[in-house]
Amino acid sequence: MTKNFYLDLASFQHFEEFTHEENYQSLPEDWFVIVADIKNSTQAIRDGYYKEVNLIGAACITQTMQTQATQNIPFVFGGDGATMCVPEDAVKPVALQLSKLQKLSQERFGLELRVVVIPMQDIRAHDVDVHVAKLEITESKYIALFRGGGLAVADSLAKSEKGDYEIDATSENLDSLTGLSCRWSPVPAKKGQVVSLMVMARDAKAMEVYQSLVNNLREILGREISEANPAQDNLVNYKGISEAVQDEAKYHSSWFSLSFLSRFLDILLSVSVYRYGINLATIFFSARDYKDSISAHSDFRKFDDTLRLILDCTEDEVGSLRKLLELNFFTELCYRDGFLYYGLHVSEEALMTCFVETTSQGGHLHFIDGGDGGLAMASTQMKMQMKKELKSQ
């Protein structure tokens with residue numbers, strides 16, 4: 001059955017194999033692509049609301065996943081939004097849940113969330129496709145990778161002035177952002193700088209460009225890309241009760257609800273365990289095992305026809321990375337020679353938004369972005385390069 005397409009898709013375990021064509025399969029014809037993003041997110045980030053933008057972007061994914069109660073949803077997190085692919089029978093319930101999220105986003109955070117639902121046949125009408133691969137980041141937990149050009153077309157259709165595919169916010173309330181939390185403080189850069197990097201290859205040599213970039217990135221870092229993951233357990237610290245409650249109170253349509261009371265009690269328990277080391281349930285639950293597993297359960301590396309990386313780097317490594325991308329310092333497959341567009345944003349910390357169904361292996365996922373807007377700001381830089389190219393033609 002096509003609705004089990006992603007469940008049945010064979011997975012692979014090494015991110016560097018995202019360039020291997022055999023890992024991808026075409027999304028079925030009766031599936032839909034849902035694009036959700038914050039309108040005017042760049043200005044919101046510049047106004048200091050980057051954490052809120054990040055949160056709503058992650059919530060688009062968690063609300064979609066919870067509606068389906070399954071890992072049958074391929075998705076990619078973009079910092080200021082997300083893209084999800086759903087089977088036909090999931091479109092209506094997912095669209096309803098996201099329309100409720102639109103209402104909560106506007107009323108509680110002052111952010112306008114755009115949601116569009118596009119049939120696959122409309123995307124293929126533009127002579128592109130959506131090819132999906134399934135990366136196992138740790139046992140029983142997966143993230144999707146995409147190629148084929150279809151998601152770029154979906155994004156373009158989403159932002160079209162016609163608004164043919166856009167859905168409107170409902171009048172119904174979303175009771176809470178169940179399972180979503182931001183209780184870990186921003187993660188400071190261990191080596192000095194957190195890099196939010198986006199690279200889009202722009203011709204027939206796309207996979208060659210990406211493979212070359214990955215190989216040379218390893219050379220610059222002097223280590224595997226996985227070792228540059230900012231979400232290292234020795235850097236992750238839990239917020240206090242007051243800060244956590246203040247942050248998560250907006251996740252609920254009402255403070256006078258059982259769902260908010262449940263969250264409040266959960267915060268009390270979690271802060272006791274992770275901030276103060278008071279765990280009265282050590283026989284049933286290991287706080288250390290959960291904290292140690294956060295790094296492996298994070299999505300600091302992604303691919304959707306654009307390579308997206310959040311990396312902990314030294315200042316010298318950042319300088320070498322800029323030269324690699326701009327000036328063919330290591331390779332001729334660079335921006336100046338017309339092979340790629342890129343965006344690179346540097347901050348002092350990474351942000352982590354968590355979706356926790358259970359604390360066991362495969363039961364949680366941590367969305368990683370750079371501080372001060374991270375991927376959204378890198379995207380702005382990359383789009384400026386693309387606009388400059390169009391003007392020069």
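## Which way do helices cross?

A crossing of two helices is called right-handed if the near helix is turned clockwise from the far one by less than a right angle, and left-handed if anticlockwise. Keep that in mind as you look at this predicted model, where the crossing of H7 and H11 is right-handed.

## H7 against H11

Two packed helices are described by the angle between their axes and the distance between the axes. For H7 and H11 (residues 315-326), the angle is about 155 degrees and the axes are 10 Å apart. Angles over 145 degrees count as roughly antiparallel, so H7 is roughly antiparallel to H11.

Which residues of H7 and H11 meet? On the H7 side you'll find Leu213, Asn216, Leu217, Ile220 and Leu221. H11 brings Glu317, Ser320, Leu321, Leu324 and Leu325. Sort the contact by class and you get 7 nonpolar, 2 polar and 1 charged.

## H8 against H9

Now turn to H8 (residues 241-248) and H9 (residues 258-274). Their axes come within 10 Å and cross at roughly 150 degrees, and H8 and H9 are therefore roughly antiparallel to each other. This crossing of H8 and H9 is right-handed.

H8 makes the contact through Ile241, Ala244, Val245 and Glu248. Facing them from H9 are Phe260, Arg263, Phe264, Ile267, Leu268 and Val271. By class, this contact has 8 nonpolar residues, no polar ones and 2 charged ones.

## The largest pocket

How much space lies in the largest pocket? It's about 1,300 Å³. There are 45 lining residues, and the closest to the pocket's centre are Asp155, Lys159, Met200, Ser379 and Lys383. By class, the lining has 20 nonpolar, 12 polar and 13 charged residues.

Several elements give two or more residues to this lining, including the strands S2 (32-38), S3 (75-77), S4 (81-86) and S10 (193-201). Helices do it too, among them H2 (41-46), H6 (150-158) and H7 (206-221). H12 gives the most, with 10 residues; you can find H12 at 374-392.

## A stop at Val128

Last, pick out Val128, in the loop between helix H5 (120-124) and strand S6 (131-138). What does Val128 touch, not counting residues up to four places away in sequence? The partners are Ile123, Gly148, Gly149, Gly150 and Val153.

Note on methods:
Residues are numbered from 1 along each chain as its sequence is written. This is a predicted model: local features need pLDDT of at least 70, side-chain atom pairs count only at pLDDT 80 or more; totals for chains, interfaces and linings use all residues. Side-chain values use heavy atoms; hydrogens and water are left out. On a 1 Å grid over the protein atoms alone, a cavity is a set of points where a 1.4 Å probe fits but cannot get out, and a pocket is an open set with protein on both sides within 12 Å along at least five of seven lines; lining residues have an atom within 4 Å of a point. Grid points are joined across faces, edges and corners, and a volume is the space filled by probe spheres set on the points. Helices (H or I, at least four residues) and strands (E, at least two) are DSSP runs, numbered from the N terminus. Ala, Val, Leu, Ile, Met, Phe, Trp, Tyr, Cys and Pro count as nonpolar, Asp, Glu, Lys and Arg as charged, and the others, Gly among them, as polar. Axes are lines fitted to C-alpha atoms, for helices over the stretch in contact, and angles run from 0 to 180 degrees between N-to-C directions. Angles under 35 degrees count as roughly parallel, over 145 as roughly antiparallel, 65 to 115 as roughly perpendicular and the rest as oblique. Contact means heavy atoms within 4.5 Å.
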